[in-house]
Amino acid sequence: MNDLRSDDNSDSNAEIDVLKALDIILAQRKNEDPKKSYVASLHAKGLNKILEKVGEECTETIVAAKDAATSGKYDEVVSETADLWFHTLVMLSHLGENADAVLAELARRFNTSGLVEKASRK
């Protein structure tokens, strides 16, 4: 995979570009040889395995956040959050969705109070 980081901080869409690039890569690797691709191996093992990884990464993110709160060092929580996001994107890919669906949902909620939005789901 190409290095998607940019030294040019003026590109306000760089983070979204990374998500779009990941979506493309995940879609491509979904059907590759599971012996040659970690993503393909997860898809081959099925949704339950992918969900297991999401749960594992979620737990690791929580532990890292607790550690960061006491140590003041955030590199591990950022790394674990990246793992969680990655495996969540694999899950979405497996289900036929992608980051765009999540970004659209976040955009829909953008000017809505969190309390109002939560109440609307009841």
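Because the model is predicted, local features are reported only at pLDDT of at least 70 and side-chain atom pairs only at pLDDT 80 or more, whereas totals for chains, interfaces and linings use all residues. Residues are numbered from 1 along each chain as its sequence is written, and side-chain values use heavy atoms, with hydrogens and water left out.

The secondary structure comes to six helices and zero strands, where helices (H or I, at least four residues) and strands (E, at least two) are DSSP runs numbered from the N terminus, and the order of elements from that end is α-α-α-α-α-α. Of the 122 residues, 25% are buried, a class that means under 20% relative accessible area, with exposed over 50% and partly exposed in between (1.4 Å probe, protein chains only). The accessible surface comes to about 8800 Å², and 55% of this belongs to carbon and sulfur atoms; the areas come from the Shrake-Rupley method with a 1.4 Å probe, and for residues only the protein chains shown count as cover. Among contacts (heavy atoms within 4.5 Å) between residues at least 6 apart in sequence, 56% join residues at least 24 apart.

Two packed helices are described by the angle between their axes and the distance between the axes. Helix α2 (residues 38–45) packs with helix α4 (residues 75–94) at about 55 degrees, and their axes are 11 Å apart; axes here are lines fitted to C-alpha atoms, for helices over the stretch in contact, and angles run from 0 to 180 degrees between N-to-C directions. The two helices are therefore oblique to each other, since angles under 35 degrees count as roughly parallel, over 145 as roughly antiparallel, 65 to 115 as roughly perpendicular and the rest as oblique. On the side of α2 the contact is made by Y38, V39, L42 and H43, and on the side of α4 by F86, H87, V90, S93 and H94.

One of these α4 residues, H87, counts as buried because its relative accessibility is 6%. Leaving aside neighbours within four places in sequence, H87 is in contact with Y38 and L42, and also with I50, K53, V54 and E57.

Beyond its neighbours within four places in sequence, D100 is in contact with K20 and D23. D23 is 77 residues away from D100 along the chain, yet their C-alpha atoms are separated by 8.6 Å.
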